[in-house]
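Here are a few exercises to work through with the model open beside you. Try each task before you read its solution.

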Amino acid sequence: MNVESLDGRLLFAIPKKGRLYEKCLSILAGADIQFRRHNRLDVCLVQNHPIALVFLPASDIPSFVGKGDVDLGITGHDVILESQMQQHVTEALRLGFGKCSLQVQVPEAGPIKTVKDLAGKRVVTSFEVLSGEYFSKIDESLGLEDEAKTKIEYVGGSVEAACALGLADGIVDLVESGDTMRAAGLHAIATVLETEAVLIKSSVPKHPGLEPLVKQITSRIAGVVAASKYVVCQYNILRDKLPEATIITPGRRAPTISPLEEENWVAVSSMVEKKKIADIMDDLVKIGAHDIMIFNLDNCRV
């Protein structure tokens with residue numbers, strides 16, 4: 001592959017490894033972005049669209065997108081803030097995966113119970129910027145200045161071991177299930193940030209001619225995300241019960257309502273969240289709905 005083969009193509013940055021990589025591949029497949037990555041190369045051409053995928057560390061993607069070196073990217077919301085690129089990138093879409101919390105953690109058996117107890121002490125983290133901003137506010141509220149302020153120290157990995165090794169009084173790190181932290185004898189005393197994977201583009205696009213393709217790919221990915229979160233609920237209901245039914249199943253915008261041959265009956269089709277479907281079905285039964293059916297959207301775009 002040479003530089004000329006990238007001319008005119010939309011460059012789309014994907015995390016090359018880590019917690020977001022596999023999910024990103026699933027998103028690309030759902031959006032029908034076909035490619036073959038040879039020999040773990042970090043750039044590959046999409047076969048059915050004028051797109052080139054660029055595999056980068058997630059921490060580098062906000063900078064590449066913000067500077068216009070690539071046109072689209074997927075990374076974590078936390079990564080954007082930590083790299084201080086929020087003024088240079090636009091979050092086009094939240095993707096609903098990679099959800100976790102950036103938390104302040106301390107030894108469960110220790111004397112520190114609140115972030116105010118931890119203020120002025122040693123904190124180890126991979127998130128120097130976000131941790132520094134968070135504790136600066138705590139220090140200011142407590143009137144801590146100069147040497148009395150909280151000491152933030154960067155560690156690239158194994159942050160959870162810092163307290164046990166005597167390197168810190170507390171840590172700030174991403175927590176998904178919390179199993180690793182509990183195994184290290186730590187527990188959360190505060191949440192700095194809730195985060196998830198996001199699709200981003202440059203706030204000032206370098207290639208305006210690619211905007212139609214950016215919108216097309218964003219729309220496809222939005223459909224894939226919706227299909228993973230929603231199902232279609234179809235049922236029949238008496239027309240005079242329709243106001244109650246549409247409160248239960250309002251749809252993403254509005255339900256589809258069709259008259260039936262039987263007088264005073266209508267068919268309703270509405271998108272509902274998967275996680276709520278059991279309760280929704282119970283509520284529909286209570287108001288007299290019949291023939292309730294649920295359809296997955298996994299192979300559809302919305």
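**Exercise 1: the largest pocket**

α3 (77-82), β9 and α6 (179-183) each give at least two residues to the lining of the largest pocket. Keep in mind that this is a predicted model.

Task: Find out how much space the largest pocket holds, and which residues lie nearest its centre.

Solution. Start with the volume: the largest pocket holds about 750 Å³ of space. Finally, sort the lining by class: 13 residues are nonpolar, ten are polar and nine are charged.

**Exercise 2: the sheet and its edges**

Task: Work out the strand order in the five-stranded sheet, then say why one side of β8 and of β10 has no neighbour there.

Solution. Step one is to trace the strands across the open sheet, which gives β8-β7-β9-β6-β10 with mixed pairing. Step two is to check the ends: β8 (151-154) and β10 (186-195) are the edge strands, each with a single partner, so one side of each goes without a neighbour in the sheet. Step three is the twist, which averages 25° from one strand to the next.

Now zoom in on one pair. β7 (residues 122-125) and β8 run parallel and are joined by four bridges. For a handy landmark, pick Val124, whose bridge partner in β8 is Glu153.

**Exercise 3: a helix across the sheet**

Task: Which strands does helix α5 lie across, and at what angle does it run to β8?

Solution. Locate α5 at residues 128-142. This helix lies across β6 (100-107), β7, β8, β9 (170-175) and β10. Then compare directions: α5 runs at about 175° to β8.

**Exercise 4: the cavity**

Task: How many cavities of 30 Å³ or more are there, and which residues line the largest cavity?

Solution. The count comes to one cavity of 30 Å³ or more. The largest cavity holds about 70 Å³ of space. Its lining is made of Gly68, Val70, Asp71, Lys201, Ser202, Pro205, Lys206, His207, Glu211 and Val214. By class, that lining splits into three nonpolar, three polar and four charged residues. As for elements, β11 (197-202) and α7 (211-229) each supply at least two of the lining residues.

**Exercise 5: the annotated stretch**

Task: What does the UniProt record place at residues 58-221, and how much helix and strand does that stretch have?

Solution. The unreviewed UniProt entry puts "domain: ATP phosphoribosyltransferase catalytic" at these residues. Over residues 58-221, the chain is 29% helix and 30% strand. To finish, check the ends of the stretch: their C-alpha atoms are 19 Å apart.

Technical notes
Residues numbered from 1 in each chain as written. Predicted model: local features only at pLDDT ≥ 70, side-chain atom pairs only at ≥ 80, totals over all residues. Heavy atoms only, no water. UniProt positions renumbered as here; feature names shortened; annotations may be inferred. Pairing = 2+ DSSP bridges. Axes fitted to C-alpha atoms, helices over the stretch in contact; angles between N-to-C directions. Contact = heavy atoms within 4.5 Å. 1 Å grid on protein atoms, 1.4 Å probe; cavity = no way out; pocket = protein on both sides within 12 Å on 5 of 7 lines; lining within 4 Å. Points joined across faces, edges and corners; volume = space filled by probe spheres on them. Nonpolar A, V, L, I, M, F, W, Y, C, P; charged D, E, K, R; others polar.
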